[in-house]
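Please go through the briefing below alongside the sequence and the model.

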Amino acid sequence: MFKLSSIEFGKLFHLTSLRFSLIALILFPILWAYAPGIFQVYGFFIVSGYQVPALSLLSSMEFLLPLIIAVASAELLGLELAHGTLPTVLLRPVTRSQWLLAKILVAILYPFALLAFLFVVSLVTGVFYGYGSFAGGTGVGAGGLLGQGILSAGGALAELGRAYMMAAVSLIPISLLSILFTVIFMNAAGGALATLALLISMKLLIVFPGLEPYLLTTQLNAYVAPIGNLGITFALIALYAAIFAASSVILFERKDF
Amino acid sequence: MTLAIETTELSKRYGKKEVVSGVSFKVKPGEVYALVGPNGAGKTTVIRLVTGLAFPTKGKVSLMGLDPHEKPMVRRKLGAVVEAPAAFYPYLSGRENLQLHAKLAGGVSPERITEVLEMMGLSEAQAVKTGVYSLGMRQRLGVAAAMLTKPEVLILDEPASGMDPLSLHLVHSVLQNAAKEGAAVLLSTHHLDEVVAYCSSVGIMEEGRLIDEVDIAARRERYRAKVSDAIKAQQILRYQEFIKQVGTRGDNVVFTLTHPYALSNVVSCLMKQNINVLGLGPDIFNLRAYYQDRLSGNRADAKADSAAVG
C-alpha cells in the first residue's frame, strides 16, 4: 500500500490542474494583500502580515479552494482515463480497492498540501506589513476576531494554524466526493462538474434551516468556528468522507474496463 | 496439466446488446491461440473478460485454474496489453514506464528491464518520453511491459496494429519464443498470415459468438497430392498403416501421416496401383480463404473443406 501510495503521489505532480492551482494560489494572496477595497469588504485594514493568510483563506474557501480540490481529485483518476493507463495498471497484481484507496489517500492529503502552500505564500506576501501584534481582527476565528483587542504575534500564528488545519479537514469530503463522481462518470470533467453542481445546490438548501447544520457546505465554515463547537463538525466530516470513500471503492470494484 | 486459460460459456451483455455470447475455449501452456474476426466481433471484450477487467454476465473464466476476479493475485503470472495502441504515461520515458510497471508487479530487476527493452528494439529510445513515441514504438513497449515478469500467460489485444513489417515480425517472433518457453499466449489480431505461421489454434468470432475453432498445428501436418484419380487414391490410402487421416479436395488427395518420413511410402503405394502423382507437398492452409468463407456464410463449403481430413 505504501508503494502504491508513493506511486500515486508521484503522479500528483503531473496533474495539469496542479500547475494552474499553484499559479492561482500564488497570485491570490498578492492581489488580496494589496487590494485597495479590503476595508469596504471586510471592515478592517491590513496592519500585520498575519492578516494576509487569514484573508487568503476567507476569500478562497468560498469558491476557489473547493474548485481546485474538486478538479484535482477528479483529475487524479481522470489522468488514468485520459492516458488509457487504467486497464494497464489494473492488470498488475494489485486489487482494485488497493489501487483506489491509494488514490483516496492522495486525495485526502492533497488539501493539506495545498493549504500549506497557500499559508506559506500568504505569509511571504505579508512580509511588507511586518509580523507584530495587532488589533482589529485577523479575519479568521469567530467574527473575524474583530473587537477582541490586541492579538499577539504568537496568538495570530496559532489562530491561523488552527484555521488552515480545519479548512483542510473540511475540504476532504469534497475531494472524496469528486473521486466518487469521477468513478461514476468515468470522466474527470464530469466528476469535477458534478461535485461543484452538488455543492452549489447544497448551498441553496439553507432555505431549510433544519438541514443547514448538517450540510457538507456548512462544514466548510469550520475554520471560523470556535474550537469548542467542532465535535459535531468533525463527526459530520468523517461521516461524509467515509460514505464517499466507501461508495467509490464499492462502485469501482464493480466497473467494467 | 492445468489449463492456462479456460472460458466456459462466456457471455457479456451491455444493456440490451449481447456483445459476447457463449464463448468457450481453452489454451494450454505453450500454445498460441489467436482470436480473429471483423471489427465489433467481440474479440476485445473476450480479452477484457479473460483478463478480469470486465465482469461476465454469464459463464466462467479461469487463468491458471483461478478466477481472476476472485483471485486477482493470479495476475502475477499474467502479462497483458489490452489497449491498442498500448497506453503509457506520456510524461515518463520508456524505461521509467517499465520501472513503474515493475513496481506494480512487485519488483523486477533493472537487468530484466534492460533485457526486454533490448528484445523489443527500444534500447536507444528508452530515455525518450513515451509521449513522443510512434505508434509502433508504443506497441513494442507494450509487449516489453507484458514480457517484464516472464509471464506464464500472455494476453494481447491486437499487439501488432499500426506496426511496420519489421516490427510486426519482431512482435510475432517474441510471442512465438515465449510460447516455445512454455507461456500460453492469447491474442486478437487481423494479421492472418502471421497467425497461420505460428499459432496453435484460431478462434473465429462473429457477432459475439465463436463460430469456429481451427487447429492450425494439426493442419501444418497435412500433405496434399495432386493425383490422376483422387477417389481411388483415397480408397487405397485409407487402409495404409502410415496414414492417419485422408480425404479429397478436387483432384487432390489430402492426408496426414503417422510419421513425416512415410511421405515416400505414399508415392510408391499410389504408383503401384497405377495412380499418377502429378504433384506433392505440404497442404498449406489458406486461413484467409477459410475465414472469408466462414464469415460470408458460405459454411457448407467451409465444412466440406474441414471434413476433407476430418
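The largest nonpolar core has 157 residues, and those touching the most other members are Ala167(A), Leu176(A), Ala144(B), Val153(B) and Val185(B). A nonpolar core is a set of buried Ala, Val, Leu, Ile, Met, Phe, Trp, Tyr and Cys residues joined through C-beta atoms within 7 Å. A residue is buried if 20 or more other C-beta atoms lie within 10 Å of its own, exposed if 12 or fewer, and partly exposed in between, with C-beta atoms placed from the backbone. The model is predicted: local features need pLDDT of at least 70 and side-chain atom pairs count only at pLDDT 80 or more, while totals for chains, interfaces and linings use all residues. Residues are numbered from 1 along each chain as its sequence is written, and chains are lettered from A and ligands numbered from 1 in the order in which they are written.

- Leaving aside residues up to four places away in sequence, Leu176(A) touches Ile104(A), Ala107(A), Ala241(A), Phe244(A), Ala245(A) and Ser248(A); two residues are in contact if their C-beta atoms, placed from the backbone, lie within 7 Å.
- A second, separate core has twelve residues, among them Val227(B), Ile236(B), Val253(B) and Val254(B).
- In soluble globular proteins, nonpolar side chains tend to be buried together.

**Chain B overall**

- Chain B has 310 residues, of which 46% count as buried.
- Its secondary structure comes to eleven helices and 13 strands.
- The C-alpha atoms of chain B fill a box of roughly 75 × 45 × 35 Å along the principal axes.
- Of the contacts in chain B between residues at least 6 apart in sequence, 67% join residues at least 24 apart.
- Chain B is assigned domain 1 (5-218) and domain 2 (221-282), with bounds that come from an automatic or database domain assignment.
- The centres of these two domains of chain B, taken over C-alpha atoms, are separated by 40 Å.

**Six-stranded sheet of chain B**

- Six strands form an open sheet with mixed pairing, in the order β5-β6-β7-β3-β8-β9 (chain B); two strands pair if DSSP finds at least two bridges between them.
- Its edge strands, each pairing on one side only, are β5 and β9 (209-215) of chain B.
- Neighbouring strands are turned by 15° against each other on average, direction ignored; axes are lines fitted to C-alpha atoms, for helices over the stretch in contact, and angles run from 0 to 180 degrees between N-to-C directions.
- Strand β7 (residues 184-188) of chain B has five of its five residues buried.
- Ala184(B), Leu186(B) and Ser188(B) point one way from β7(B), Val185(B) and Leu187(B) the other way.
- Strand β3 (residues 32-36) of chain B runs parallel to β7(B) and is joined to it by four bridges; Val32(B) stands opposite Val185(B), and Tyr33(B) has Leu186(B) as its bridge partner.
- Strand β6 (residues 153-157) of chain B also pairs with β7(B) in the parallel sense, over five bridges, and Asp157(B) stands opposite Ser188(B).
- Helix α5 (residues 165-180) of chain B lies across β3, β6 and β7 of chain B, at about 150° to β7(B).
- Helix α4 (residues 135-147) of chain B lies across β5 and β6 of chain B, at about 165° to β5(B).

**Three-stranded sheet of chain B**

- An open antiparallel sheet has the strand order β2-β1-β4 (chain B), with β2 (17-27) and β4 (58-63) of chain B as its edge strands.
- Strand β1 (residues 5-14) of chain B pairs with β4(B) over five bridges, and Ile5(B) stands opposite Leu63(B).
- Helix α1(B) lies across β1, β2 and β4 of chain B, at about 120° to β1(B).

**Lys244(B)**

- Lys244(B) lies in strand β11 (residues 243-249) of chain B and counts as partly exposed because 17 C-beta neighbours lie inside 10 Å.

**Contact between chains A and B**

- The contact takes 24 residues from chain B and 17 residues from chain A.
- On the side of chain B, α2(B) gives the largest share, four residues.
- The residues on that side divide into 16 nonpolar, three polar and five charged; Ala, Val, Leu, Ile, Met, Phe, Trp, Tyr, Cys and Pro count as nonpolar, Asp, Glu, Lys and Arg as charged, and the others, Gly among them, as polar.

Definitions and conventions: Helix = DSSP H or I, 4+ residues; strand = E, 2+ residues; numbered from the N terminus.
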